[in-house]
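Here is a friendly walk through the model below. Please keep the viewer open as you read, since the text moves from sheets to helices and then to confidence.

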Amino acid sequence: MRPRFFLPSFLAVLLAGCANIAYVGQAAGGQAEVMNKSRPIGAVIDDPATSPALADKLRLARRIRAFAISALGLPDNASYTRYADLGRPYALWNVVSTPPLSLQPTESCFPIAGCLAYRGYYVEADAQRYADERRAAGEDVFLYGIPAYSTLGWFNDPLLNTTARYDETALARLIFHELAHQVVYVQDDSAFNEAFATAVELEGFERWLAERADPALEAGYRKAELRRAAFRALMEDGRRQLAAIYGSEAGENEKLEEKGRVLAALGERYAALKAEWGGYLGYDYWFAPLPNNAHFASQATYHDKVPAWRALFRSVGGDFPAFFAAARALAQKNKATRDETLAAVGVAAFSGERQQGAMTGIPADQGRRVSRDTR
């Protein structure tokens with residue numbers, strides 16, 4: 001469950017005047033490189049130098065993009081009509097940092113675009129230097145590669161070599177997620193933005209599965225989702241334990257000792273979970289070395305509000321245009337109102353599931369497991 005998507009901090013700094021010139025320069029140069037290296041997908045497919053595998057993947061991306069527009073109502077523009085080979089494994093690298101006894105990420109704030117819970121760099125060495133600075137300041141740090149990002153429609157985002165290696169499931173989810181960022185974006189609220197796009201990604205992929213009617217594709221997705229759900233539950237339990245420690249009356253040294261014990265135990269539990277999966281390696285990078293506060297903060301940004309967003313989607317009958325309208329209306333509210341509204345939607349949905357479980361004799365959590373396995 002790698003945090004994959006990056007909102008445009010480069011856009012923020014381009015609007016930030018002369019502040020932090022070095023960061024502005026790398027951001028502007030990185031985006032220029034992406035645009036300059038992009039070519040129309042049709043031209044890449046027709047190029048004799050293009051491998052058959054890449055040509056097939058680009059044709060698939062075309063079908064996914066067309067589906068996103070026609071079936072999900074996502075923006076119809078030139079995004080994902082071009083392809084760029086950046087010659088590196090990631091488009092950029094993100095740095096998330098937190099104080100040693102806090103799960104709140106250190107934000108970078110800029111005029112117009114507001115505050116972001118991470119910083120992105122197009123050169124890995126630059127990201128590493130910034131990460132080292134945050135570590136030297138005593139913070140917990142998580143540095144990870146980002147295969148794709150959205151410019152929110154300011155530019156026509158191309159498909160990149162960093163994502164062309166994805167399988168059908170990951171490629172479809174990525175395109176749905178990134179186009180969703182062009183629908184709604186709220187200043188200073190990364191958790192709102194990322195959870196909304198993740199909800200669109202997940203609900204959109206359910207529609208894609210129904211359209212494809214491919215049992216093997218669906219079986220692979222369901223299996224991966226069960227692993228992902230188990231891993232998130234593990235991380236969420238660790239985050240709850242850390243939050244309790246940090247909010248206690250204990251002294252700083254005692255809190256740090258308790259933190260170490262929680263993280264060590266989490267590593268042991270992950271090893272057991274991995275054994276249940278038959279040695280699946282997909283989440284190893286979270287535990288090499290053990291996760292820290294920044295890992296938990298990153299996960300929270302992308303996933304905490306997703307259940308509430310999906311409940312809101314169901315409340316409008318699974319209608320994407322109505323869902324987007326509700327999201328835009330919610331985006332106009334202040335942060336406290338947005339959070340309260342989403343929390344209320346989530347509570348109402350959970351209560352409804354519990355009531356249905358009482359009537360059918362199936363506990364709510366078991367009902368969700370059955371649903372995941374049989375849809």
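## Sheets, a helix pair and confidence

In this predicted model, three strands make up an open sheet in the order 7-4-8, with antiparallel pairing. Its edges are strand 7 (119-121) and strand 8 (140-146), each of which pairs on one side only. On average, neighbouring strands here are turned by 25° against each other, direction ignored. Helix 11 (residues 293-303) packs on this sheet and touches strand 4 and strand 8. The direction of helix 11 makes about 50° with that of strand 8.

Looking at one pairing in detail, strand 4 (residues 92-98) and strand 7 run antiparallel and are joined by three bridges. Which residue in strand 7 is the bridge partner of tryptophan 93? The partner is tyrosine 121.

Another open sheet, also of three strands, has the order 2-3-10, and its pairing is mixed. Strand 2 (38-40) and strand 10 (159-160) are the edge strands, each pairing on one side only. Between strand 2 and strand 3 (residues 82-84) the pairing is antiparallel, over three bridges. Serine 38 has alanine 84 in strand 3 as its bridge partner.

| Strand pair | Sense | Bridges | A bridged residue pair |
|---|---|---|---|
| strand 4 and strand 7 | antiparallel | three | tryptophan 93 and tyrosine 121 |
| strand 2 and strand 3 | antiparallel | three | serine 38 and alanine 84 |

Now to the helices. Two packed helices are described by the angle between their axes and the distance between the axes. For helix 9 (residues 215-246) and helix 10 (residues 252-276), the axes come within 10 Å and cross at roughly 170°. Helix 9 and helix 10 are therefore roughly antiparallel to each other, as an angle over 145 degrees counts as such. On the helix 9 side, the contact includes Phe231, Leu234, Met235, Leu242 and Ile245, while helix 10 contributes residues including Val262, Leu263, Leu266 and Tyr270. Among the charged names on the list are Asp237 in helix 9 and Lys255, Glu258 and Arg269 in helix 10. The contact residues divide into twelve nonpolar, two polar and five charged.

Finally, how far should you trust the coordinates? The mean pLDDT of the protein is 87, and 86% of its residues reach 70 or more. Over residues 1-10 pLDDT stays under 50, and the model has 66 contacts beyond four places in sequence for them. Residues 354-375 also stay under 50, with 13 such contacts. Where pLDDT is low, the predicted coordinates should not be read in detail.

Key: Residues are numbered from 1 along each chain as its sequence is written. This is a predicted model: local features need pLDDT of at least 70, side-chain atom pairs count only at pLDDT 80 or more; totals for chains, interfaces and linings use all residues. Side-chain values use heavy atoms; hydrogens and water are left out. Axes are lines fitted to C-alpha atoms, for helices over the stretch in contact, and angles run from 0 to 180 degrees between N-to-C directions. Helices (H or I, at least four residues) and strands (E, at least two) are DSSP runs, numbered from the N terminus. Angles under 35 degrees count as roughly parallel, over 145 as roughly antiparallel, 65 to 115 as roughly perpendicular and the rest as oblique. Contact means heavy atoms within 4.5 Å. Two strands pair if DSSP finds at least two bridges between them. pLDDT is the predictor's confidence in each residue, from 0 to 100.
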